[in-house]
Amino acid sequence: MSASWTTMPSPVGDLLLQTDGEHLTSISFSPFHTPAWQGHLASPVLEAAKRQLEEYFAGQRREFDVALEAGGTPFQQRVWAALRAIPYGQTASYGEIARGLGLPAVASRAVGVANGANPIPIMVPCHRVIGSNGSLTGYAGGLERKHRLLNLEIPGLY
């Protein structure tokens, strides 16, 4: 299998999905630049990812089982694993994630930086991370998208 990409519409704008042929490697929000290399729309990984995202947006899926490969540093990998452990319809603060990783609460900034570098949003649910006071905080896809994703999972939360 070779690397490929496709795009899809969603309630949070068009998404660009990329694969290395075996794993989903990124989800990008519009506006994005499509890769210069030719995409293969028939990729089984991309088709599964599209189907699962469509089910998620339709309220029919709460967990994803597409094979993911995000790269990143060992610390980023630990944070992204912690993000995947946040259940659908729940949130966690940056400090809670830091403490869950055995780090002091002051490491919440480092958790935030790793959270912001997540290349596979939605499936690695960085939108479920909120401020310690319950407020919406930064989101690489923009706070409006974060708001929409959280309201999809927890109607009326924000």
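Trainee: Which residues of helix α2 are buried?

Mentor: Keep in mind that we are reading a predicted model. An α-helix has 3.6 residues a turn, so residues three or four places apart point the same way. In α2, which covers residues 74–84, the buried residues are Gln76, Val79, Trp80 and Leu83. Looking down the axis of α2, you find these buried residues within an arc of 100°, so they line one face of the helix.

Trainee: What covers the buried residues of α2?

Mentor: The cover includes α3 (94–100), α4 and β5.

Trainee: Which residues of α4 are buried, then?

Mentor: In α4 the buried residues are Val111, Ala114 and Asn115. Their arc, seen down the axis of α4, is 105°, so they too line one face of the helix. On the other side of α4 you will find Arg109 and Val113, which are exposed. The cover over the buried residues of α4 includes α2, α3 and β5.

Trainee: What is Ala114 in contact with, beyond its neighbours within four places in sequence?

Mentor: Ala114 touches Phe75, Gln76, Val79 and Trp80. Its relative accessible area is 2%, so Ala114 counts as buried, the cut-off being under 20%. For a sense of distance across the model, take Leu53: it is 61 residues from Ala114 along the chain, and their C-alpha atoms are separated by 23 Å.

Trainee: Is Gly112 buried, partly exposed or exposed?

Mentor: Gly112, also in helix α4, is partly exposed, with a relative accessible area of 23%.

Trainee: Now for the backbone. Where is there a cis peptide bond?

Mentor: Look at omega: the bond joining Ser30 and Pro31 is cis, with omega about 0°. Pro31 sits in the loop between β3 (24–29) and α1 (44–57).

Trainee: Which residue has a positive phi although it is not a glycine?

Mentor: That is Ile122, whose phi is about 75°. You can find Ile122 in the loop between α4 (108–116) and β5 (129–130). Ile122 is buried, with a relative accessible area of 1%.

Trainee: Let's step back to the whole chain. How many helices and strands does it have?

Mentor: There are five helices and five strands. Read from the N terminus, their order is β-β-β-α-α-β-α-α-β-α.

Trainee: What does the radius of gyration tell us about this chain?

Mentor: The idea is to set the value against what a compact globule would give. For 158 residues that would be near 15 Å, and the chain has 15 Å, so the two agree. The C-alpha trace spans about 45 × 35 × 25 Å along its principal axes.

Trainee: And what share of the residues is buried?

Mentor: Buried residues come to 46% of the 158. Contacts tell you about the fold as well: of those with a separation of 6 or more, 57% are between residues 24 or more positions apart.

Trainee: How about the surface and the charges?

Mentor: The accessible surface is about 7,800 Å², and carbon and sulfur atoms account for 54% of this area. As for charges, the chain carries 12 positive and 12 negative side chains, with the centres of the two sets 8 Å apart.

Terms used
Residues are numbered from 1 along each chain as its sequence is written. This is a predicted model: local features need pLDDT of at least 70, side-chain atom pairs count only at pLDDT 80 or more; totals for chains, interfaces and linings use all residues. Side-chain values use heavy atoms; hydrogens and water are left out. Helices (H or I, at least four residues) and strands (E, at least two) are DSSP runs, numbered from the N terminus. The radius of gyration is taken over C-alpha atoms; the globule rule is 2.2 Å times the number of residues to the power 0.38. Buried means under 20% relative accessible area, exposed over 50%, partly exposed in between (1.4 Å probe, protein chains only). Contact means heavy atoms within 4.5 Å. Accessible areas come from the Shrake-Rupley method with a 1.4 Å probe; for residues, only the protein chains shown count as cover. Lys and Arg count as positive and Asp and Glu as negative; His and the chain ends are not counted. The place of a charge is taken as NZ of Lys, CZ of Arg, CG of Asp or CD of Glu. The arc is that of the directions from the helix axis to the C-beta atoms.
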